[in-house]
Amino acid sequence: MSDALAGLLTIGVLVLALAAVHVPLGDYLARVYRSERHLPVERFVYRLCRVDPGAQQRWTVYALSLLGFAAVSVLLLYLLLRLQRVLPLSLGHSGLPPSGAFNTAVSFVTNTDWQWYSGEAVMGQLAQLAGLAVQNFLSAATGLAVAVALIRGFVREGTDEIGNFWVDLVRSVIRVLLPLAFLSALLLAACGAVQDFAGAHTFTTLEGGDQTILRGPVASQQAISVLGTNGGGYFNANAAHPYENPTALSNLLQTFLMLLIPSVLPRTFGRLVGSPRHGWVLFAVMAVLWTVGLTLTTVFEATHHGTVPREVGAALEGKETRFGVWNSALFGHSATATSSGANDASYDSFTPLGGGVLLLNMLLGEISPGGIGGGLIGMLVLAVLAVFIAGLMVGRTPEYLGRKIRQREITLVALYVLAMPFAVLVGVGLALAFPGPREAILNPGPHGLTEVLYAFVSAANNNGSAFAGLTSGTTFYNTALALAMLFGRFLPMVLVLALAGSLAAQQRVPVSSGTLPTHQPMFAGLLTGVAVIVTGLTFFPALALGPLAEGLK
Amino acid sequence: MTARHPTGHGFSPRQLAAALPDALRKFDPRHTVRAPVIFVVWIGSLVTTVSAVVNPSFFGFAIAGWLWATVLFANLAEAVAEGRGRAQAEALRRTKKETVARRLRPDGGEEQVPGTQLVVGDRVVVEAGQLIPGDGEVIDGVASVDESTMTGESAPVIRESGGDRSSVTGGTTVLSDRIVVRITTCPGEGFLDRMISLVEGASRQKTPNEIALNILLASLTIVFLLAVATLQPMAAYSGRQQTLIVLTALLVCLIPTTIGALLSAIGIAGMDRLVQRNVIAVSGRAVEAAGDVNTLLLDKTGTITLGARHATEFIPAPDVEERELAEAAQLSSLADETPEGRSIVVLAKNEYGLRGREEGRVTGVTFVPFTAHTRMSGVDLDDGRRIRKGASTAVMKWVRDQGGHPPPDSVRGDPHGADSVRGDPHGADSVRGDPQQKLGLLVEAISGEGGTPLLVAERLPDRPARVLGVIRLRDIVKAGISERFAELHRMGISTVMITGDNPATAAAIAREAGVDRYLAEATPEDKMDLIRREQAGGRLVAMTGDGTNDAPALAQADVGVAMNAGTMAAKEAGNMVDLDSNPTKLIEIVAIGKQLLITRGALTTFSIANDVAKYFAIIPAMFTGVYPQLGHLNVMNLGSAQSAVLSAVIFNAVVIVALIPIALRGVRYRPTSAATMLRRNLAVYGLGGLVTPFVGIKLIDLVVHLLPGIR
């Protein structure tokens, strides 16, 4: 079977599978967050943590709960990584250095999973299981919680309460992530991903040399890593490692899992606000951006014009021959269009323009379909922005879903839109302005610029994929990228919660034929335009000096 | 509507020249800082000027010059808008003469004081030929007043104490009689003063939506500031450090200067359009709210129907000749000077050729005038014949009193009498049964169709009184009003007709006029309740009113337009005053509010869409030296790097001037659904905004790249 045919079949199966689960899973999620009932196991957790699940929180309390929870998570994970040596199951690894432990703790709590280290060289099994995997669940649940809180802002009327963070968090883990991750882990293991506590084994190769092969609880780790759009790998090679991603089928499954929850959240949104058509509009924008991005990535990867790719017939440098160009493009595109950041190929070796699309996926703010929770949030914020600009053109104070976009709302939206470019541009500017960080760039010219840009874009968008080619384990990058991750994660979340509070406090404006229709294809087109132009205008210079300068002939 | 400013819509280059001195004054940074986008340009101009002086080059000076021009054009836009207002203010101010007031002392004596020294509560006497010294309320007397200084309307109006026409405005002239006015506003805060400061834009405050838009523009400015500031390290890394001049030029081209420059002009012009239609708004906030209105409360009389009802048909009782009824009706109406009465005479003349009998010439008759108590008018002939016409309950009572047997008050036994019975769904066709019963049904049927039945009865000497028949009076719905309502309906605005009529009549008129809902037998409290209910559902309500009992509702409504002819209480309660006292104007006010918002949105979209082309001009110009392949981005094929940057800057400045007319006039507005409007405006200002600068910059470059100092 040719690479293209295999690729097209994979894409076809993927799209069909996502379409099949869209409505049932989306509706299920809506029921989860609307339900009044608590499962016995949830009640047990609430009692254990002394949380009153019936209590409602104002946005400030919700935000403080979230920030407090994140702070405690960072601290615990930091300690776990630092003290690894004296804890069991360390496989003999010593503790991480301070800046490295801080970077990794922040990275996993922020759902980024940026990995400056290589997993097999520094992480013991306890750190992987009790540290990283736990945060893979909790950070994904946090994203879902904030998305649901924002939706409540559009649902509730005349109240300052937007739900209960602890309830949203616990339900996300117990009713959504755990069952799906369990099922996915079984399927991955069935495909051949390893799942045991065997640790390192040393073999004698055919040539007579020694090779050490590490095994461990990989399938379970990888399942939540892709399902929760975390993307952190058990091994340094991430999903290119045969133990993590053994076959084309497991590759397809992982791509499916990355896209699964982000792509059904618009449906959940539509259900919860009582207008599935509004959900469809957001989904359509995500789908269009994903499809266009995939087409571009595949075209750029498949029509290579370098000397070596032309000779060997494909741009195969840095790609697994198990997956080929098409599936690598599909996986890479989906990993950057969600906030997963997993990789089954070296993104550094993508063609300049193909790598540029991966960068662009993240620069869009990850909305195609974006991270778990974060994608929907980003799309809703852009929808509010689009309504504000275009809504005036129908002669009314702009409104979305019956909520007026006034001074307070637009301020929050503007700050949200500012946060990511701020972290990226300031980070890149600083990195290039000082000689130390500049010397960490391994490639000269525009490719080197793309490497630095990519690192900060990946961190600030909590993607976590790496373009490599950058010695990023230095104190500067570990600290700067950790700050970019924190800034890019929690500032937007607080702003979004404030927005939810402000929307929920409003009274619904009835919809009439004078209202800007936000449930029709025209609005989907407008929203796509706003998303592309807002990003394009902010990052055009950087893209011109990086991927475009490298990729144009 | 009075055309106070026949040339108000026009815009000529002469206005630009006239506004130049003001525009220059606005270079003061304390003024510029109020518009953050323009302030950034101002700083950019300073920076480029300094660096051009330090490192002299033609390019540097050209950029600096055009950046200053950008600020100038922004100032010019605001100055032109203000200038147009100021011209009106001057005209108003000329009418504001120094007056001498005749103040009444508490002891009843009179003293002469300058008008400016009056305080609230003072009572002043004004006689024919004198100017009213300040805004106030007539507490004694009746006078005709020339209010043309305010309204432009030359016909005098009547102002009298104790009714809904008691308020007078300072600066207007009493033409006849003598009135005593209690001053209700301090001098300098009167109507004329408010109007002057309003059109001058002196007291202009930013409206909520304008503030929100400014926040968005400021954040866009910050984004581009970041993008440009961090471009330098990237450029340096790429081996092509940029000059401060080029970076500043890029920044100014990217930040939304177009909308930033025109935003305040749009707001001033919006208020101006309102003033041109003789409406004064207390604040810009009210104008914005007008665009958002969901529900319009419209008084039936004067807004939906002509002020008076007209007789359209004589329907005789079963044993009466039609002509007999017509003759009696005409006779009884000869002395009736109300429009209804006159319409009866006209109908009798047109339909039955009854003419020639005019009040003065008819002899041997005594006319019985209408009183609120009897609710009848009529005529007593010398031969003993008596004719009465009036509301059905009143006439029936008269017939009974005169020994006759009228139809029952209501066949359904409604205690309120025929004036308020619920409509008969089958109309007059269902009339059946005995004659008297039949007449009763007819009365109900007329009410049900939105008409007003007037009964005519006569009594001949020695015989019991009998009902001759019914005159059908109809409300005449204004021509074209139902099309206006259909328009409003398409725009998503729901219309509610407010009337004192009974529900059946109200329903019929509502159907004919095409209003969405009606409030029948409305009391001021009902009106207030309706407004509160609408607002509780999240809807914004607009209404007009003139009476003191309208004041609470006017205050409660989001847009309350008081009629200038109305009471002071109403004018104080509302947030707009219509000097023409034309209640239909509410619809125009809504349109002005919408147009204001649309203009803002359209120019914002245009401004942002412009940036795409500017990037394609400037980025290749900056970096083709080091990365020749970026020349592919030079899709406009601009002459040279410097020419590209300069052309983008020039386009950026010139487009402001080009859009001043649109900012002042407002973008074209047609009442259609939001979806249609969005499609059109997105096509014109969104796509137009993308394409125009590609063409514009290319055309400018064709000239600029030939300049000698440009490389």
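Start by selecting A:Gly274, which follows just after helix 9 of chain A and takes a positive phi of about 75°. The model is a predicted one, in which local features need pLDDT of at least 70, side-chain atom pairs count only at pLDDT 80 or more, and totals for chains, interfaces and linings use all residues. Residues are numbered from 1 along each chain as its sequence is written, chains are lettered from A and ligands numbered from 1 in the order in which they are written, and side-chain values use heavy atoms, leaving out hydrogens and water.

Next, select helix 9 itself, residues 248–272 of chain A, where helices are DSSP runs of H or I with at least four residues and strands are runs of E with at least two, numbered from the N terminus. Of its 25 residues, 22 are buried, meaning under 20% relative accessible area with a 1.4 Å probe and protein chains only, whereas exposed means over 50% and partly exposed in between. Within this helix, look at A:Leu260, where a kink of about 35° lies shortly before the proline A:Pro262; the bend is the angle between axes fitted to the seven residues ending there and the seven starting there.

Now move to chain B and select B:Asp299, in strand 11 (residues 295–299), which an unreviewed UniProt entry annotates as "active site", although such annotations may be inferred rather than shown by experiment. B:Asp299 is partly exposed, with a relative accessible area of 22%. Leaving aside neighbours within four places in sequence, B:Asp299 is in contact with B:Ile304, B:Ile498, B:Lys527 and B:Thr544, contact meaning heavy atoms within 4.5 Å.

Definitions and conventions: Expected span 1.5 Å × (residues − 1).
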